[in-house]
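Here is a short note for someone meeting this structure for the first time. Please read it with the model open.

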Amino acid sequence: MAELNWTEINAKLPVQRDDESKERRKKMFKDFDPNGNGILSLAEVDKAIRDVLKIDEIFDAKPAIMRAFQIAKNCTKSSRTSGDDYIEFREFRYFLLSLRQYFEYHVAFSRTDANNDNRITLVEFTAAKEQIEKWVGPIDPEQEFKAIDTNGGGKILFDEFCDWAIKKNLDLEDDDDDLQ
């Protein structure tokens, strides 16, 4: 993965609670919602990440988009008859925050997945020990691998990695954490 400009990525995600960020979110939500129905489908979100945000690195991180969408659409109970399968404006800030966080996990996952097969083996995890310890602190690679591989498949999948990253408060050393 090429070097990322985290400052630029963060600048495109108006997640702060100030009035200017809220206005930017309102405009962005409208831009994400091409049919103007007040709700966003996964397909609309995916297309808007490419066409509105214009952040190719995030657009290419489909597992991060999917996780962020799923968690955001379920963060509040919908009052709409369309149900909880869409993101409403009141969930949009949470979606943007989640997108940024899951993208960071996706970058960490990709840096660990040496052969880019979307699975991390024990060999890859052990080889990345020094790097991983910069993100989460000291680990015993074999013990940690077994704890992460919750389905016992012998490989760490992105969802398993995210669950672990959340528990460990994973933080990349080179990202810009200046989000509020």
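This is a predicted model: local features need pLDDT of at least 70, side-chain atom pairs count only at pLDDT 80 or more; totals for chains, interfaces and linings use all residues.

1. Numbering starts from 1 along each chain as its sequence is written, and side-chain values use heavy atoms, without hydrogens and water.

2. The protein has 10 helices and 2 strands. Helices (H or I, at least four residues) and strands (E, at least two) are DSSP runs, numbered from the N terminus. The order from the N terminus is α-α-β-α-α-α-β-α-α-α-α-α.

3. The C-alpha trace spans about 50 × 35 × 25 Å along its principal axes. Of the 180 residues, 44% are buried, meaning under 20% relative accessible area with a 1.4 Å probe, protein chains only.

4. Helix α6 covers residues 89-112. Its 24 residues reach 35 Å from first C-alpha to last, close to the 34 Å expected at 1.5 Å a residue; that expectation is 1.5 Å times one less than the number of residues. Of the 24 residues in α6, 17 are buried.

5. How do α5 and α6 pack? Helix α5 (residues 62-73) meets α6 at an angle of about 145°, and the axes are 8 Å apart. Axes are lines fitted to C-alpha atoms over the stretch in contact, and angles run from 0 to 180 degrees between N-to-C directions.

6. Contact means heavy atoms within 4.5 Å. On the α5 side the contact includes P63, I65 and F69; on the α6 side, Y94, L99 and H106 are among the residues involved.

Note on methods
Buried means under 20% relative accessible area, exposed over 50%, partly exposed in between (1.4 Å probe, protein chains only).
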